[in-house]
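Colleague: I have a structure on screen and would like to learn how to read it. Where shall we begin?

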Amino acid sequence: MGVSESENISSAAVGGRKPRIIVIGMGLSGVAMGIRLMEAGFSDFTAYEKAEDLGGTWHYNFYPGLRCDVPSYYYQYSFSPSTNWSHRFCGGPEIKQYYIDTAKKYHVYERIKFNSGVKHADYKDGQWHIELENGDTDSADFLIAACGILVRPKYPDIPGLDDFDGKVLHTARWEKDLDLKDLNVAVIGNGSTGIQMIKPLTDICKKVYSFQRTPQWIVPVPNRKYTAVGKKMQQLFPPLSKFYYYGVRFVMERMMGVGVIRDGWARRNVARACQWNLNSIKDFALRKKLTPDYTPMCKRLVMSSEFYPAIQRPNAQLVTEHIDHVEAKGIVTEDGKLHELDVICLATGYYAAEHMLPMTMAVENGPKLEDVWKGGPRAYRTVSMPGFPNFFMVMGPNSPVGNISLASVAETQSEHITNFIKMWSDGKFETLAPKEEATERFNKDLVENMKDTVWTTGCASWYLDESGVPVSWPWTANKFRDDLKHPKLYEYEIS
Ligand code: NAP
């Protein structure tokens with residue numbers, strides 16, 4: 001049942017205790033969580049979002065060319081498919097609008113407090129107490145962190161960057177109305193972000209330099225525009241949208257989802273598609289410079305049909321000489337050449353392992369987050385942590401971030417968390433947290449199974465933590481859904 005029809009009906013669905021709940025973060029994870037809570041009738045929750053609007057990544061990012069390279073039909077919630085996607089891979093603003101509309105439809109939006117970053121969370125006297133950056137406080141029976149993964153921009157440590165006379169900006173801190181027309185622009189970094197920017201920049205800039213440290217495998221993904229007739233058909237026959245969702249999900253999970261976790265036909269087919277794409281570059285010297293020396297998908301696979309044609313345009317230049325330093329006029333590479341510039345764009349990624357940070361957390365007579373995560377973030381089945389009662393995470397450590405659509409991951413985790421809160425509401429426990437030994441077992445198993453994944457085949461990427469272990473999920477999407485649907489209660493400390 002959806003709560004959109006009536007909040008009261010769904011509230012009536014809950015007969016037991018009414019929990020007070022705090023959700024931190026309102027990206028696609030937090031919104032999924034809010035909707036599941038509303039559907040279960042747990043409407044006494046407040047969502048704290050540090051930004052001035054909802055959307056997480058899709059709020060903070062609005063660089064030129066931003067779009068989601070996961071098909072939009074799969075980058076939405078299964079229970080609320082849009083019948084109005086404009087393209088197979090929609091742009092950032094359209095995606096953000098989908099999440100805003102969905103949050104409003106399910107009455108989550110009015111429970112959000114914007115401009116409200118959470119600084120600290122304390123568990124004492126059987127409740128979670130939070131303190132906000134603006135000094136406000138709040139308390140709840142359950143605390144749910146949906147703080148995102150690719151949140152904190154990584155600024156490169158390049159000598160002289162501060163001496164540059166022009167503008168330097170990170171892609172995740174873009175400036176509204178920034179006019180790059182007829183300027184000389186550098187893009188440092190060629191991950192999914194840097195690659196997406198090259199084509200739109202070459203459309204308007206005088207010259208675009210793509211500074212590449214390591215080549216990327218790129219799979220072509222033509223971006224089809226959906227017709228008005230197709231959209232009308234979906235509006236007339238709503239099951240069609242669900243059919244598209246599950247169709248794309250099936251293909252993505254069988255192709256990318258399986259290809260990343262084990263060798264076999266899926267991995268080989270992705271590799272063939274990448275090689276075929278690369279072969280489209282006729283200039284042999286350029287092709288060589290763009291050829292990676294690692295297995296496709298080891299780094300997060302870049303999806304683009306636009307980059308190779310764009311980098312061959314007369315006003316584009318691939319720079320593979322490493323950057324030595326930046327000076328007032330531009331970037332100087334190790335061969336001593338000065339590339340004169342007006343703007344430097346840092347497409348240099350994120351601190352992906354900093355889940356929830358810089359927020360601090362502590363449990364009375366128990367652990368502190370900074371201590372338990374000293375060696376890197378660690379969780380039990382991606383959603384909870386030993387010693388932290390009635391605390392859950394959406395998109396916590398080792399969520400399948402490299403395997404399947406994050407919207408699907410968020411749905412599964414939100415449902416799992418809501419099921420536990422239902423048990424609390426029914427009086428089945430007061431506090432619950434996974435056992436330390438179960439968490440250790442889970443993490444040992446996880447590391448063991450990472451050996452077959454593509455992420456450990458010999459490349460540097462944001463998937464790897466400090467000890468070189470991927471912070472993703474080494475099993476199938478079905479196992480993820482199944483594990484979270486069937487929690488092993490004997491692996492929890494329950495009071
Ligand atoms: P990224 O994949 O971490 O790439 C960072 C890039 O910056 C790499 O090319 C890296 O080179 C380079 N770099 C970092 N420090 C550097 C330095 N000091 N000097 C020169 N180069 C440096 O970051 P991202 O492109 O922002 O993408 C992050 C993730 O966001 C993606 O993997 C994807 O999951 C997500 N994303 C998704 C979409 C989407 O459409 N769904 C779009 C954009 C991003 P090395 O490779 O040599 O380290």
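**Reading the ligand site**

Modeller: Start at the ligand. This is a predicted model, and in it a polar side-chain atom of T193 lies 2.7 Å from an oxygen atom of the ligand.

Colleague: Which side chain has an N or O atom 2.6 Å from an oxygen atom of the ligand?

Modeller: That is K299. Backbone atoms count too: a polar backbone atom of A347 is 3.3 Å from a ligand oxygen.

Colleague: How much of the ligand's accessible area does the protein cover?

Modeller: In general, the size of an interface is often given as the accessible area lost when the parts come together. Here the ligand on its own has 910 Å² of accessible area, and the protein covers 84% of that.

Colleague: How many residues surround the ligand?

Modeller: There are 22, and the closest are D69, T193, T214, K299 and W462.

Colleague: Next, the domains. What are their bounds?

Modeller: Domain 1 runs over 21–152 + 351–494, and domain 2 over 161–225 + 231–346. Their C-alpha centres lie 27 Å apart. Across the boundary, 49 residues of domain 1 contact 47 residues of domain 2.

Colleague: And the core? Which residues touch the most other members?

Modeller: The general idea is that nonpolar side chains tend to be buried together in soluble globular proteins. In this chain the largest nonpolar core has 115 residues, and I21, V23, L37, Y77, Y99, I144 and L290 touch the most other members. Domain 1 and domain 2 each supply at least three residues to this core. Take L37: beyond four places in sequence, its contacts include I21, V23, F42 and I421. A second, separate core has 23 residues, among them Y123 and W128.

Colleague: Where does pLDDT stay under 50?

Modeller: Over residues 1–13. Where pLDDT is low, the predicted coordinates should not be read in detail. For the chain, the mean pLDDT is 95, and 97% of residues reach 70 or more.

How values were computed. Residues are numbered from 1 along each chain as its sequence is written. This is a predicted model: local features need pLDDT of at least 70, side-chain atom pairs count only at pLDDT 80 or more; totals for chains, interfaces and linings use all residues. Side-chain values use heavy atoms; hydrogens and water are left out. A nonpolar core is a set of buried Ala, Val, Leu, Ile, Met, Phe, Trp, Tyr and Cys residues joined through side-chain atoms within 4.5 Å. Buried means under 20% relative accessible area, exposed over 50%, partly exposed in between (1.4 Å probe, protein chains only). Domain bounds come from an automatic or database domain assignment. Contact means heavy atoms within 4.5 Å. pLDDT is the predictor's confidence in each residue, from 0 to 100. A residue is near a molecule or strand if one of its heavy atoms lies within 4 Å of it. A polar contact is a pair of N or O atoms within 3.5 Å; within protein, one must be able to donate a hydrogen and the other to accept it, and residues adjacent in sequence count only if both atoms are side-chain atoms. Accessible areas come from the Shrake-Rupley method with a 1.4 Å probe; for residues, only the protein chains shown count as cover.
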